Amino acid sequence: MAVLFKRHSSLLFGIAKRILRSDSEAEDAVQQIFLDVFRSIHQFDPEKGTFKTWLLMFTYHRTFNSRRSQIANRFFDTDPLEEGFAGSSLADKRCSTTENSILVAQVLKSLQPRQRRTIELIYYEGLTAEEVSSKTGESVRVVRHNLYRGLDKLRKAFRTEASKPRSKGE
(Lines give C-alpha, C1' and ligand atoms only; values in the text may rest on other atoms or scores of the structure.)
Protein backbone atom coordinates (compact mmCIF):
# COMPACT_ATOMS: atom_id res chain seq x y z
CA MET A 1 0.00 0.00 0.00
CA ALA A 2 2.84 2.39 0.79
CA VAL A 3 4.29 1.94 -2.70
CA LEU A 4 0.87 2.48 -4.30
CA PHE A 5 0.27 5.55 -2.16
CA LYS A 6 3.66 7.01 -3.02
CA ARG A 7 3.19 6.30 -6.71
CA HIS A 8 -0.43 7.48 -7.18
CA SER A 9 -1.42 9.81 -4.31
CA SER A 10 -0.44 13.08 -6.02
CA LEU A 11 -2.42 12.18 -9.15
CA LEU A 12 -5.46 11.19 -7.10
CA PHE A 13 -5.15 14.31 -4.98
CA GLY A 14 -5.15 16.49 -8.10
CA ILE A 15 -8.30 14.82 -9.38
CA ALA A 16 -10.06 15.02 -6.02
CA LYS A 17 -9.09 18.67 -5.56
CA ARG A 18 -10.53 19.62 -8.96
CA ILE A 19 -13.78 17.83 -8.20
CA LEU A 20 -14.19 18.84 -4.54
CA ARG A 21 -12.55 22.29 -4.82
CA SER A 22 -10.98 22.00 -1.40
CA ASP A 23 -7.55 20.84 -0.31
CA SER A 24 -8.76 19.42 2.99
CA GLU A 25 -11.70 17.60 1.41
CA ALA A 26 -9.40 16.22 -1.30
CA GLU A 27 -6.91 14.97 1.29
CA ASP A 28 -9.69 13.23 3.19
CA ALA A 29 -11.04 11.73 -0.03
CA VAL A 30 -7.63 10.37 -1.08
CA GLN A 31 -7.11 8.76 2.31
CA GLN A 32 -10.55 7.20 2.15
CA ILE A 33 -9.95 6.03 -1.42
CA PHE A 34 -6.79 4.17 -0.45
CA LEU A 35 -8.57 2.54 2.47
CA ASP A 36 -11.41 1.52 0.17
CA VAL A 37 -8.95 0.25 -2.45
CA PHE A 38 -7.32 -1.92 0.20
CA ARG A 39 -10.73 -3.37 1.12
CA SER A 40 -11.87 -3.73 -2.52
CA ILE A 41 -8.71 -4.93 -4.22
CA HIS A 42 -10.43 -8.22 -5.04
CA GLN A 43 -12.65 -6.29 -7.49
CA PHE A 44 -9.68 -5.41 -9.69
CA ASP A 45 -9.65 -7.48 -12.89
CA PRO A 46 -6.40 -7.19 -14.90
CA GLU A 47 -8.20 -8.49 -18.00
CA LYS A 48 -10.35 -5.35 -18.10
CA GLY A 49 -7.48 -2.87 -17.85
CA THR A 50 -4.46 -1.70 -15.92
CA PHE A 51 -4.41 -1.10 -12.20
CA LYS A 52 -3.86 2.62 -12.76
CA THR A 53 -6.99 2.84 -14.93
CA TRP A 54 -9.00 0.95 -12.32
CA LEU A 55 -7.65 3.20 -9.57
CA LEU A 56 -8.52 6.35 -11.54
CA MET A 57 -12.08 5.14 -12.17
CA PHE A 58 -12.37 4.19 -8.51
CA THR A 59 -11.19 7.70 -7.58
CA TYR A 60 -13.59 9.46 -9.95
CA HIS A 61 -16.57 7.50 -8.67
CA ARG A 62 -15.72 7.93 -4.99
CA THR A 63 -14.91 11.61 -5.35
CA PHE A 64 -18.09 12.40 -7.29
CA ASN A 65 -20.08 10.46 -4.69
CA SER A 66 -18.45 12.58 -1.99
CA ARG A 67 -19.31 15.79 -3.86
CA ARG A 68 -22.92 14.65 -4.36
CA SER A 69 -23.12 13.90 -0.65
CA GLN A 70 -21.78 17.33 0.24
CA ILE A 71 -24.28 18.99 -2.09
CA ALA A 72 -27.15 16.91 -0.67
CA ASN A 73 -26.10 17.96 2.83
CA ARG A 74 -26.00 21.58 1.65
CA PHE A 75 -22.25 21.84 2.25
CA PHE A 76 -21.90 24.23 -0.70
CA ASP A 77 -25.29 25.86 -0.31
CA THR A 78 -25.69 29.60 -0.41
CA ASP A 79 -28.71 31.53 -1.57
CA PRO A 80 -28.31 33.46 -4.79
CA LEU A 81 -28.19 37.14 -3.84
CA GLU A 82 -31.24 38.04 -5.93
CA GLU A 83 -33.46 35.25 -4.52
CA GLY A 84 -33.00 36.55 -1.00
CA PHE A 85 -34.66 39.79 -1.98
CA ALA A 86 -37.77 38.48 -3.74
CA GLY A 87 -40.64 40.84 -3.07
CA SER A 88 -38.27 43.63 -2.11
CA SER A 89 -37.51 46.83 -3.97
CA LEU A 90 -34.49 45.11 -5.53
CA ALA A 91 -36.82 42.74 -7.35
CA ASP A 92 -39.35 45.50 -8.06
CA LYS A 93 -39.64 46.05 -11.82
CA ARG A 94 -40.37 49.76 -11.33
CA CYS A 95 -36.79 50.35 -10.17
CA SER A 96 -34.13 50.85 -12.76
CA THR A 97 -30.89 48.89 -12.76
CA THR A 98 -29.06 52.05 -11.75
CA GLU A 99 -31.34 52.60 -8.77
CA ASN A 100 -30.87 48.99 -7.71
CA SER A 101 -27.09 49.30 -8.02
CA ILE A 102 -27.09 52.43 -5.86
CA LEU A 103 -29.34 50.75 -3.29
CA VAL A 104 -27.13 47.65 -3.14
CA ALA A 105 -24.01 49.82 -2.74
CA GLN A 106 -25.63 51.81 0.08
CA VAL A 107 -26.78 48.72 1.92
CA LEU A 108 -23.38 47.02 1.50
CA LYS A 109 -21.73 50.11 3.03
CA SER A 110 -23.92 49.71 6.10
CA LEU A 111 -22.54 46.20 6.80
CA GLN A 112 -19.55 45.43 8.97
CA PRO A 113 -16.38 45.40 6.84
CA ARG A 114 -15.81 41.65 7.30
CA GLN A 115 -19.39 40.85 6.26
CA ARG A 116 -19.18 43.15 3.23
CA ARG A 117 -15.82 41.71 2.15
CA THR A 118 -17.15 38.14 2.49
CA ILE A 119 -20.28 38.87 0.45
CA GLU A 120 -18.27 40.66 -2.24
CA LEU A 121 -15.76 37.82 -2.52
CA ILE A 122 -18.46 35.15 -2.71
CA TYR A 123 -21.03 36.86 -4.92
CA TYR A 124 -18.95 39.23 -7.04
CA GLU A 125 -15.74 37.21 -7.41
CA GLY A 126 -17.39 33.78 -7.28
CA LEU A 127 -15.14 32.33 -4.58
CA THR A 128 -16.17 29.45 -2.32
CA ALA A 129 -16.13 29.72 1.47
CA GLU A 130 -12.89 27.74 1.52
CA GLU A 131 -11.27 30.08 -1.01
CA VAL A 132 -12.41 33.14 0.95
CA SER A 133 -11.02 31.51 4.09
CA SER A 134 -7.59 31.04 2.57
CA LYS A 135 -7.63 34.55 1.09
CA THR A 136 -8.67 36.31 4.31
CA GLY A 137 -7.02 34.03 6.86
CA GLU A 138 -10.33 33.44 8.64
CA SER A 139 -11.71 29.99 9.31
CA VAL A 140 -14.40 28.62 7.00
CA ARG A 141 -16.81 28.76 9.93
CA VAL A 142 -16.14 32.50 10.42
CA VAL A 143 -16.50 33.12 6.68
CA ARG A 144 -19.91 31.42 6.66
CA HIS A 145 -20.93 33.30 9.81
CA ASN A 146 -20.01 36.62 8.16
CA LEU A 147 -21.84 35.60 4.99
CA TYR A 148 -25.09 34.59 6.71
CA ARG A 149 -25.10 37.58 9.08
CA GLY A 150 -24.42 39.96 6.19
CA LEU A 151 -27.12 38.42 4.00
CA ASP A 152 -29.58 38.60 6.89
CA LYS A 153 -28.87 42.32 7.29
CA LEU A 154 -29.24 42.84 3.55
CA ARG A 155 -32.60 41.06 3.50
CA LYS A 156 -33.84 43.17 6.40
CA ALA A 157 -32.64 46.37 4.75
CA PHE A 158 -34.40 45.52 1.48
CA ARG A 159 -37.60 44.53 3.25
CA THR A 160 -37.54 47.91 4.97
CA GLU A 161 -36.98 49.66 1.63
CA ALA A 162 -39.80 47.64 0.02
CA SER A 163 -42.26 48.55 2.74
CA LYS A 164 -41.66 52.32 2.37
CA PRO A 165 -44.52 53.99 0.48
CA ARG A 166 -43.60 55.42 -2.90
CA SER A 167 -44.44 58.94 -3.86
CA LYS A 168 -46.33 59.55 -7.11
CA GLY A 169 -43.14 60.72 -8.87
CA GLU A 170 -41.35 57.38 -8.28
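**Ground rules.** The model is predicted, with local features needing pLDDT of at least 70, side-chain atom pairs counting only at pLDDT 80 or more, and totals for chains, interfaces and linings using all residues. Residues are numbered from 1 along each chain as its sequence is written, and side-chain values use heavy atoms, with hydrogens and water left out.

**Aromatic pairs.** I looked up the ring pairs and found five in the structure. Rings of Phe, Tyr and Trp (its six-membered ring) pair if their centres lie within 6.5 Å; planes under 30 degrees apart are stacked, over 60 edge-to-face, and the rest tilted. F44 and F51 make an edge-to-face pair, 5.6 Å centre to centre with 80° between the planes. W54 and F58 are tilted, because their planes stand at 45°, with centres 5.2 Å apart. Ring pairs join F44, F51, W54 and F58 into a cluster.

I then checked burial (buried is under 20% relative accessible area, exposed over 50%, partly exposed in between; 1.4 Å probe, protein chains only). F51 is buried at 17%, while F44 is partly exposed at 23%. W54 and F58 are both buried.

W54 and F58 lie four residues apart in helix α3 (residues 51–72), so about one helical turn separates them. Helices are DSSP runs (H or I, at least four residues), numbered from the N terminus.

**Helix α6.** Which residues of α6 (residues 129–136) are buried? I list A129, E130, V132 and S133. G137 follows α6 and has a positive phi, near 85°.

Methods: Helices (H or I, at least four residues) and strands (E, at least two) are DSSP runs, numbered from the N terminus.
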